[in-house]
Amino acid sequence: MLTKRIIPCLDIKNGRTVKGINFVDLRDAGDPVELASIYAKEGADELVFLDISATEEKRKTLAELVYHVAETINIPFTVGGGISSVEDVDILLKNGADKVSINSSAVKRPELINELVAKFGSQCIVVAIDAKQIDGQWKVHLVGGKVPTELDLFEWAKEVEKRGAGEILFTSMDHDGTKNGFANKALAELSKLVNIPVIASGGAGTITHFTDTFKDGKADAALAASVFHFKEIEINTLKQELKEEGIPVRI
Amino acid sequence: MKIVIIDYGAGNIQSIMFAIKRLGFEAVLSHDADEIRNADKVIFPGVGEASSAMVKLRATGLDKVIPTLKQPVLGICLGMQLMCHSSEEGNTEGLGIFDLDVVKFSNAVKVPQIGWNQISDLKSRLFTNIPQKSHIYLVHSFYAPIGVETIATSEYDVEYSAALQKDNFYGVQFHPEKSSNIGSEILQNFLNL
């Protein structure tokens, strides 16, 4: 049986992890490679690296990081952040990334999805969508949720699927950082609407939130950052409890 | 031991190179027929679309080389699918090593299947010491049905072949290089053949 995936997300700036990390057993808390291998050992099913740096050196630093992550860990990982061309993706995949996620660049130029799918295949193209509710309507936002657009979340999701994306990573800006649970109603609607996997993101605070997003939100995977970084939730405990709730997980 | 990964411009092979390196071996990437024939082990990777991959194989003559190889050959993901008789993806003929026609999952499930599923009915030296129902990582929209060459099964929409074997030819639908420690053990088993 296909299992539900647990995905820790690491924010990267200039090749280093950014968010405060509470790992006593880490020699270097800022080293994404070491953190990645710890997560892999603890039972993470996949990892996401989100590059938030904006320097000229960015591409090279990120490619080097991807190379070292691929060299070290034996689970799949996705790289996102500022990817806007076929060349950007080519470099990352050649260095060992399994998937890339695109966000604002796809909204600005939706054909990019088709171009990437034609060159690399659907299986490695994740489209990340940040959205929040405005007057009861889910609207897509850009630049980490700062810039609103007129795009409707559900219409955009359908278009993304039609253009060949292999997966959707949906972050609810209304839930992100609240630790009050995922946007399960919107997630369930998304899952019904598209026939590609949906990754839930934004709002994880407790183990129950994960159970709910798989049961009520119909999510195929759940992504979180701080609850894992600060060891508020340990991945192996989380998966054990999900299993007890009857949710298929890899243990 | 000389390990050659067949280079025909298909997909990301860096992860396979690293997985082999973690096992203590070096693999070389080659499209040279003699170098491939002289290897102890051959890995036939593949990520992408079936019909365009077959075009690339034909253009380099590798479509004639691969089926005549005598040493253990491991097809991974699309590599395994291309070793079959045909694929519905781009309606292409395959290399015809496995007598199976690759077809697409129905819309009753989400396509592609992405994530960790389980393998059962394991019956080959490739799975020495691998427990039944082990989790492996897959990303695919097309599958090979069950046939006489099936050496591992999995279930998604239908029961399908997670691995195939005919003589010295092996194929796995999953990615051993991304399937954590179980995947490394399966790769090691292949290198032990």
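User: Which elements cover the buried residues of helix 8 of chain A?

Analyst: To read a helix, one lists its buried residues and then looks for what lies over them. This is a predicted model. In helix 8 (residues 207-215) of chain A, the buried residues are A:His209, A:Phe210, A:Asp212, A:Thr213 and A:Phe214. The cover over these residues includes helix 7 (184-193), strand 10 (198-201), strand 11 (221-224) and helix 10 of chain A.

User: Where do the buried residues of helix 1 of chain A fall when seen down its axis?

Analyst: Helix 1 (residues 32-42) of chain A buries A:Pro32, A:Leu35, A:Ala36, A:Tyr39 and A:Ala40. Viewed down the axis of helix 1 of chain A, these buried residues lie within an arc of 140°, so they line one face of the helix. Their packing partners are strand 1 (5-13), strand 2 (16-17), strand 3 (47-51), helix 2 and helix 10 (235-244), which belong to chain A. Just after helix 1 of chain A comes A:Gly43, with a positive phi of about 105°.

User: How many residues does the largest nonpolar core have?

Analyst: In soluble globular proteins, nonpolar side chains tend to be buried together. Here the largest nonpolar core has 142 residues, and A:Val127, A:Ile168 and A:Ala222 have the most contacts inside it. The element that gives the most to this core is strand 6 (residues 125-134) of chain A, with six residues. Beyond its neighbours within four places in sequence, A:Ile168 is in contact with several residues, among them A:Val127, A:Ile129, A:Leu190 and A:Ile199.

User: Why does the radius of gyration of chain B agree with a compact globule?

Analyst: For 193 residues, a compact globule would have a radius of gyration near 16 Å, and chain B agrees because its value is 15 Å. The C-alpha trace of chain B spans about 45 × 35 × 30 Å along its principal axes. Buried residues account for 54% of the 193 residues in chain B. Its secondary structure consists of six helices and 13 strands.

User: Which strands are joined to strand 7 of chain B?

Analyst: One looks for the bridges and the direction of each pair. Strand 5 (residues 84-87) of chain B runs parallel to strand 7 (residues 98-104) of chain B, with three bridges between them. Within chain B, strand 7 is also joined to strand 10 (residues 142-143) by two bridges, and these two run antiparallel. B:Ser87 stands opposite B:Val102 in strand 7 of chain B, while B:Val103 faces B:Tyr143 in strand 10 of chain B.

User: Is B:His140 buried or exposed?

Analyst: The count of C-beta neighbours decides. B:His140, in strand 9 (residues 134-140) of chain B, is buried because it has 24 C-beta neighbours inside 10 Å, where 20 or more are required. Its contacts beyond four places in sequence are B:Cys77, B:Pro112, B:Gln113 and B:Gln173.

Conventions
Residues are numbered from 1 along each chain as its sequence is written. Chains are lettered from A and ligands numbered from 1 in the order in which they are written. This is a predicted model: local features need pLDDT of at least 70, side-chain atom pairs count only at pLDDT 80 or more; totals for chains, interfaces and linings use all residues. Helices (H or I, at least four residues) and strands (E, at least two) are DSSP runs, numbered from the N terminus. The radius of gyration is taken over C-alpha atoms; the globule rule is 2.2 Å times the number of residues to the power 0.38. A residue is buried if 20 or more other C-beta atoms lie within 10 Å of its own, exposed if 12 or fewer, and partly exposed in between; C-beta atoms are placed from the backbone. Two residues are in contact if their C-beta atoms, placed from the backbone, lie within 7 Å. A nonpolar core is a set of buried Ala, Val, Leu, Ile, Met, Phe, Trp, Tyr and Cys residues joined through C-beta atoms within 7 Å. Two strands pair if DSSP finds at least two bridges between them. The arc is that of the directions from the helix axis to the C-beta atoms.
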